[in-house]
Amino acid sequence: MKNVLASMVMGCMVMISASAYAAGEASEARTAMSHGEVRKVDAAAGKLTIKHGPLENLGMDAMTMVFKVKDPAMLSQVKSGDRIDFIADEVDGVLTVVKLEKR
């Protein structure tokens, strides 16, 4: 009886570990960096205009659009013409750059 119970517990642990691993991979895929070029920096409004490739985590095609930035300090890191890698997400119903790296 102890062996059966131990086997059931081990089986559950393996299934939980596999689920957690798969969830981690899905999370990484959702947060893959997108590539773009800064077209305009609007510090007063806290926004960037970015010409970007597909935003897979948002299901969007390549286009040029305006994003709010999560952290206003991001605006001082870039200028028009800079190539960037970034993560955009919907924050409180607004498309927002949540991570930004200059290339």
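T49 is buried, at a relative accessible area of 17%; buried here means under 20% relative accessible area, exposed means over 50%, and partly exposed is in between (1.4 Å probe, protein chains only). You'll find T49 in strand β2, residues 47–52. Helices (H or I, at least four residues) and strands (E, at least two) are DSSP runs, numbered from the N terminus. Setting aside neighbours within four places in sequence, T49 is in contact with E37, V38, R39, K40, T64, M65 and V66, where contact means heavy atoms within 4.5 Å.

A quick word on what you're looking at. This is a predicted model, so to speak of a local feature takes pLDDT of at least 70 and a side-chain atom pair counts only at pLDDT 80 or more, while totals for chains, interfaces and linings use all residues. Residues are numbered from 1 along each chain as its sequence is written, and side-chain values use heavy atoms, with hydrogens and water left out.

**The overall layout**

The protein has one helix and five strands, and from the N terminus on they run α-β-β-β-β-β. Of the 103 residues, 24% are buried. Take the contacts between residues at least 6 apart in sequence: 47% of them join residues at least 24 apart. The accessible surface comes to about 7000 Å², and carbon and sulfur atoms account for 59% of that; these areas come from the Shrake-Rupley method with a 1.4 Å probe, and for residues only the protein chains shown count as cover.

**The aromatic pair**

Rings of Phe, Tyr and Trp (its six-membered ring) pair if their centres lie within 6.5 Å; planes under 30 degrees apart are stacked, over 60 edge-to-face, and the rest tilted. The count by this rule is one aromatic pair. That's F67 with F86, an edge-to-face pair at 5.8 Å centre to centre and 65° between the planes.

**The salt bridges**

Side chains of opposite charge can pair when their charged atoms come close. A salt bridge here is a side-chain nitrogen of Lys or Arg within 4 Å of a carboxyl oxygen of Asp or Glu, and the count comes to four. Among them are these:

| Salt bridge | N to O distance |
|---|---|
| K79 and D82 | 3.2 Å |
| D82 and K102 | 3.4 Å |
| R103 and D85 | 3.2 Å |

Which residues are linked in a network of salt bridges? They are K79, D82 and K102. D82 sits in the loop between β3 and β4 and K102 in strand β5 (residues 94–102), so their pair ties together parts that are 20 residues apart in sequence. D82 is buried, with a relative accessible area of 8%, whereas K102 is partly exposed at 47% relative accessibility.

Now for the R103 and D85 bridge: R103 forms a salt bridge with D85. This pair also links distant parts of the chain, with R103 in the segment after β5 and D85 in strand β4, 18 residues apart. D85 counts as buried, at 14% relative accessibility.
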